[in-house]
Amino acid sequence: MSHIYCSECGFQSPESASYCARCGALLVRDTTGETTVSLGPDDLDAGPDSIAGPALVVRSGGGRAGESFEAIGDRALIGRSPECDVFLDDVTVSRRHAELTREGNVFTIRDLGSLNGTFVNKRRIESSVLEDDDEVQIGKYRMTFLRR
């Protein structure tokens, strides 16, 4: 069953709902759809703005499709707090939602007790090793993990 998040309070409602069951606000649907960004080998060597290593690439959510977050060191916090390494400014994202850790060539994402959960390939996880092209969903943001 698909869900929609209330833009006022962040409550998760069935996609068929028109109003939030918690606060009564009108539920606004993201009508922009998903955007696919294709990268070839030349794009990886194009310059400082290109993806040069492991990264999360936003596919949809928050009007940020195509934006990428390259892996930062051995640990990166993901959340709504401006102090997070990956800042996702939306009420569906907890202040400290998840963390991405690196041990050698292994990347692991771990939920930090968030209200709406962290999903990898549409399955709610507490912790999961990320493989190339895995889909990560945090709040309304859908991202692809690239190990390029």
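Please look closely at strand S13 (residues 141-146): which strands does S13 join, and which of its residues belong to the nonpolar core?

A: Happy to! Keep in mind that this is a predicted model. Of the 6 residues of S13, 5 are buried, so the strand is largely enclosed by the rest of the structure.

Now for its partners. Strand S3 (residues 55-60) is joined to S13 by 5 bridges, and the two run antiparallel. Within that pairing, Leu-56 stands opposite Phe-145. Strand S12 (residues 135-138) also runs antiparallel to S13, with 4 bridges between them. Here the residue opposite Tyr-141 is Ile-138. S12 and S13 form a hairpin with 2 residues between the strands, and Gly-139 has a positive phi near 60 degrees there.

Next comes the packing. In soluble globular proteins, nonpolar side chains tend to be buried together. The largest nonpolar core in this model has 20 residues, and Met-143 is among those with the most contacts inside it, along with Ile-78, Leu-88, Ile-109, Leu-130, Val-136 and Ile-138. Several strands each supply at least two residues of this core: S3, S5 (75-79), S7 (98-103), S8 (106-111), S12 and S13. The largest share, 3 residues, comes from S13.

Finally, let's turn to the aromatic rings. The count comes to 1 aromatic pair. In this pair, the ring centres of Phe-107 and Phe-145 are 5.4 Å apart and the planes meet at 55 degrees, so the pair is tilted; planes over 60 degrees apart would count as edge-to-face. The pair links distant parts of the chain, with Phe-107 in strand S8 and Phe-145 in strand S13, 38 residues apart. Both partners are buried: Phe-107 has a relative accessible area of 2%, and Phe-145 has a relative accessibility of 1%.

Note on methods: Residues numbered from 1 in each chain as written. Predicted model: local features only at pLDDT ≥ 70, side-chain atom pairs only at ≥ 80, totals over all residues. Heavy atoms only, no water. Buried < 20%, exposed > 50% of the residue type's maximum accessible area, 1.4 Å probe, protein only. Pairing = 2+ DSSP bridges. Core = buried A, V, L, I, M, F, W, Y, C linked by side-chain atoms within 4.5 Å. Phe/Tyr/Trp six-rings, centres within 6.5 Å; stacked < 30°, edge-to-face > 60°.
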